[in-house]
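Subject: Structure handover

Hello,

Here is the structure I said I would pass on. Please look through it first; my notes follow below.

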Amino acid sequence: MRMLVTGGAGFIGANFVHLTARTRPDIEITVLDALTYAGNRASLEPVADRITFVHGDITDTALVDRLVADTDLVVHFAAESHNDNSLGDPWPFVHTNIVGTTTLLQAVRTHDVRYHHISTDEVYGDLELDDPARFTENTPYNPSSPYSSTKASSDLLVRAWTRSFGVRATISNCSNNYGPYQHVEKFIPRQITGVLTGVRPKLYGAGLNVRDWIHVEDHNTAVWTIIDKGALGQTYLIGADGEVDNRTVVETILELCGHDKSDFDFVTDRPGHDLRYAIDSTRLRTELGWTPRYSDFRSGLAATIDWYRDNESWWAPQKAATEAAYASAGERTL
Ligand code: NAD
Ligand code: DAU
């Protein structure tokens with residue numbers, strides 16, 4: 001089987017390519033990636049001999065049409081993925097997440113190719129801290145940020161192409177991922193690499209916001225489960241019951257690194273900051289039989305800290321520019 005992975009040089013896409021190369025020797029893997037600031041060829045070095053890498057943009061109609069014509073399956077990870085960036089400049093998010101997804105949908109429609117769409121729980125908006133509810137496949141869309149509204153748009157485009165043109169598609173909406181190869185702009189790697197270089201962690205607002213953490217490997221086994229067994233036209237929520245508030249995450253990183261757990265700062269809050277995400281993944285577990293392997297967040301976090309400690313050459317080149325971007329966006333200690 002031939003598979004085209006978009007965004008395979010990014011965090012989750014690279015881990016997906018690693019998993020596939022390791023577990024599915026019969027699959028020919030092509031990666032299409034524009035290598036934006038978030039893409040890194042080094043993340044694919046361990047599997048370089050197993051893949052064909054194409055440096056290109058998912059909005060390039062001719063290129064996408066040619067690659068899709070030559071594949072049996074498209075798994076679409078490529079996106080502008082960071083909420084804070086979308087607040088500063090929404091246009092790359094509209095370009096990649098909306099125009100790029102439409103470009104892929106037109107190509108899979110033309111060539112009748114199976115398509116799996118990677119999306120986020122952020123399309124559902126947020127929940128109150130004390131709300132017993134969790135997101136399900138039937139929760140109404142209510143995105144808050146430019147990032148999440150472009151992801152919601154992309155999901156709706158997939159649904160329209162499925163219904164109107166019979167595109168053979170599935171969609172998954174996953175919660176917050178952590179693990180190796182995540183860009184240092186994101187919360188967990190930002191704090192780990194800060195602590196490793198003597199910088200105090202930075203908590204937005206009061207640090208009370210809750211995210212539903214899942215290890216990236218569990219996200220990717222769920223994606224394969226949906227590709228293998230999911231019903232066409234359906235949406236599946238992916239989550240591993242990992243709700244933790246941001247302050248607890250920072251305190252745990254500090255403890256695991258041998259620091260006092262109060263060694264952090266509060267900084268300016270994110271505008272429109274979603275309070276809480278929580279996933280009910282019953283459908284994926286009961287209908288398709290998926291279960292996560294990383295049930296203990298603390299040990300998953302410890303392994304992630306070890307990975308960043310051992311792979312400084314992977315993240316160090318991005319660290320200063322990332323922190324400069326936060327500073328120029330107006331972040332300040334409270
Ligand atoms: P990332 O930012 O780490 O990687 C994105 C990749 O897409 C990069 O390699 C980048 O170069 C590539 N890319 C961007 N624009 C492109 C374009 N126009 N053409 C081709 N390639 C382009 O993102 P990630 O965190 O790995 O997220 C991957 C997907 O998973 C996204 O669709 C995101 O919305 C979704 N998702 C992420 C999380 C999370 O916690 N990170 C959770 C749920 C869903
Ligand atoms: O829920 C899935 C989403 O998770 C994905 O769709 C996004 O692509 C991914 O980036 C992530 O979005 P978040 O905005 O939740 O992730 P981020 O890592 O930016 O922030 C996680 C939480 O930590 C959030 O409440 C903001 C907070 N935060 C973040 C940073 C960078 C801090 O308190 N301090 C920080 O320095």
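Helices (H or I, at least four residues) and strands (E, at least two) are DSSP runs, numbered from the N terminus. In UniProt, an unreviewed entry lists residues 4-295 as "domain: NAD(P)-binding"; UniProt positions are given in the numbering used here, feature names are shortened, and annotations may be inferred rather than shown by experiment.

This is a predicted model, in which local features need pLDDT of at least 70 and side-chain atom pairs count only at pLDDT 80 or more, while totals for chains, interfaces and linings use all residues. Residues are numbered from 1 along each chain as its sequence is written, and chains are lettered from A and ligands numbered from 1 in the order in which they are written.

Domains

Across the boundary, 17 residues of domain 1 are in contact with 15 residues of domain 2, where contact is two C-beta atoms, placed from the backbone, within 7 Å of each other. On the side of domain 1 that touches domain 2, helix α3 (residues 83-88) gives the most, with three residues. That side of domain 1 has six nonpolar, six polar and five charged residues. For these classes, Ala, Val, Leu, Ile, Met, Phe, Trp, Tyr, Cys and Pro count as nonpolar, Asp, Glu, Lys and Arg as charged, and the others, Gly among them, as polar.

Core

The largest nonpolar core has 71 residues, of which Val5, Val68, Val74, Phe77, Val108 and Ile238 touch the most other members. A nonpolar core is a set of buried Ala, Val, Leu, Ile, Met, Phe, Trp, Tyr and Cys residues joined through C-beta atoms within 7 Å. A residue is buried if 20 or more other C-beta atoms lie within 10 Å of its own, exposed if 12 or fewer, and partly exposed in between, with C-beta atoms placed from the backbone. Helix α1 supplies the largest share of this core, five residues, and domain 1 and domain 2 each contribute at least three. Leaving aside neighbours within four places in sequence, the contacts of Phe77 include Val5, Gly7, Gly10, Phe16 and Ile118.

Ligands

Which residues come nearest to ligand 1? Of the 30 around ligand 1, they are Gly7, Gly10, Ala38, Gly39 and Ala79; a residue is near a molecule if its C-beta atom, placed from the backbone, lies within 6 Å of it. Two or more residues of this shell come from each of α1 (11-23), α4 (91-111) and β5 (114-120), with α1 giving the largest share, three residues. By class, the shell around ligand 1 has 12 nonpolar, 14 polar and four charged residues.

Ligand 2 is surrounded by 19 residues, the closest being Ser81, Thr120, Lys186, Phe187 and Tyr204. Strand β8 (202-204) and helix α6 each supply at least two residues of the shell around ligand 2, and β8 gives the most, with three. Four nonpolar, eight polar and seven charged residues make up the shell around ligand 2. Domain 1 and domain 2 each supply at least three residues of it.

Individual places

Two residues other than glycine have a positive phi. Asp112, in the loop between α4 and β5, has phi near 50 degrees and is exposed, with 11 other C-beta atoms within 10 Å. Tyr181, in the loop between β7 (177-178) and α6 (187-196), has phi near 70 degrees and counts as buried, with 23 C-beta neighbours inside 10 Å.

Helix α8 (residues 246-256) has Asn246, Val249, Val250, Glu251 and Ile253 as its buried residues. Their cover includes α6, β8, β12 (243-245) and α10. Just after α8, Gly258 takes a positive phi of about 80 degrees.

Ser295 lies in the loop between α9 (282-288) and α10 (297-310) and is partly exposed, with 13 other C-beta atoms within 10 Å. Ser295 and Ala240 are 55 residues apart in sequence, and their C-alpha atoms are 7.1 Å apart in space.

Regards

Notes:
Domains from an automatic or database assignment.
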